[in-house]
Amino acid sequence: MSNIKDRIKIEMISTGDEVLYGQIIDTNAAWLSDFLFQEGITITSRHTIGDNLSTLIETLKERSLQNDILIVNGGLGPTSDDLSAQAAALANNESLVLHEQWLKSLERYFLNRGRTMPASNIKQAMLP
């Protein structure tokens, strides 16, 4: 009998123009791929998509038909080019909703560091 880990198809999608154009090295994807491999979980492939909402939406739709799990690496920050949550929502015909509990966690994170959370970080509590 085969292990369920052997039957699950997992793909990683990294986002960001800075990753796509080689301006930064995607150490997060490399670390996570190695971690999963060391745990006996293999991914089928990795893709890198730039900061283009329509391309990201289409990629999520297409790749979700080929895989059981999509891991999206990047694009969850507070800036305007962070599009992963919005793309995931739109790819599934959903909208983003403010999650109060996550917002409180973000506010606590800043408070514990003696800082006021910038309003731009509210975007990080908007989830499909």
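Here are legends for a few close-up views of this predicted model.

This is a predicted model, where local features need pLDDT of at least 70 and side-chain atom pairs count only at pLDDT 80 or more, while totals for chains, interfaces and linings use all residues. Residues are numbered from 1 along each chain as its sequence is written, and side-chain values use heavy atoms, with hydrogens and water left out.

**View 1. The sheet has 3 strands in the order 2-1-3.** It's an open sheet with parallel pairing. Strands here are DSSP runs (E, at least two residues), as are helices (H or I, at least four residues), and both are numbered from the N terminus. Two strands count as paired if DSSP finds at least two bridges between them. Strand 2 and strand 3 sit at the edges, each pairing on one side only. From one strand to the next, the twist averages 20 degrees; the axes behind such angles are lines fitted to C-alpha atoms (for helices, over the stretch in contact), and angles run from 0 to 180 degrees between N-to-C directions.

**View 2. Strand 1 (residues 10-15) is largely enclosed by the rest of the structure, because 6 of its 6 residues are buried.** Buried means under 20% relative accessible area, exposed means over 50%, and partly exposed is in between (1.4 Å probe, protein chains only). Ile10, Met12 and Ser14 point one way from the strand, while Glu11, Ile13 and Thr15 point the other way.

**View 3. Strand 1 has a parallel partner in strand 2 and another in strand 3.** Take Glu11: its bridge partner in strand 2 is Ser45, and in strand 3 it stands opposite Leu70.

**View 4. Asn67 sits in the loop between helix 4 (53-64) and strand 3.** Asn67 is buried, with a relative accessible area of 9%. Its side chain makes a polar contact of 3.1 Å with the side chain of Thr44. A polar contact is a pair of N or O atoms within 3.5 Å; within protein, one must be able to donate a hydrogen and the other to accept it, and residues adjacent in sequence count only if both atoms are side-chain atoms. A polar atom of the Asn67 side chain also lies 3.0 Å from the backbone oxygen of Arg63. Leaving aside neighbours within four places in sequence, Asn67 is in contact (heavy atoms within 4.5 Å) with Lys9, Ile10, Glu11 and Thr44.
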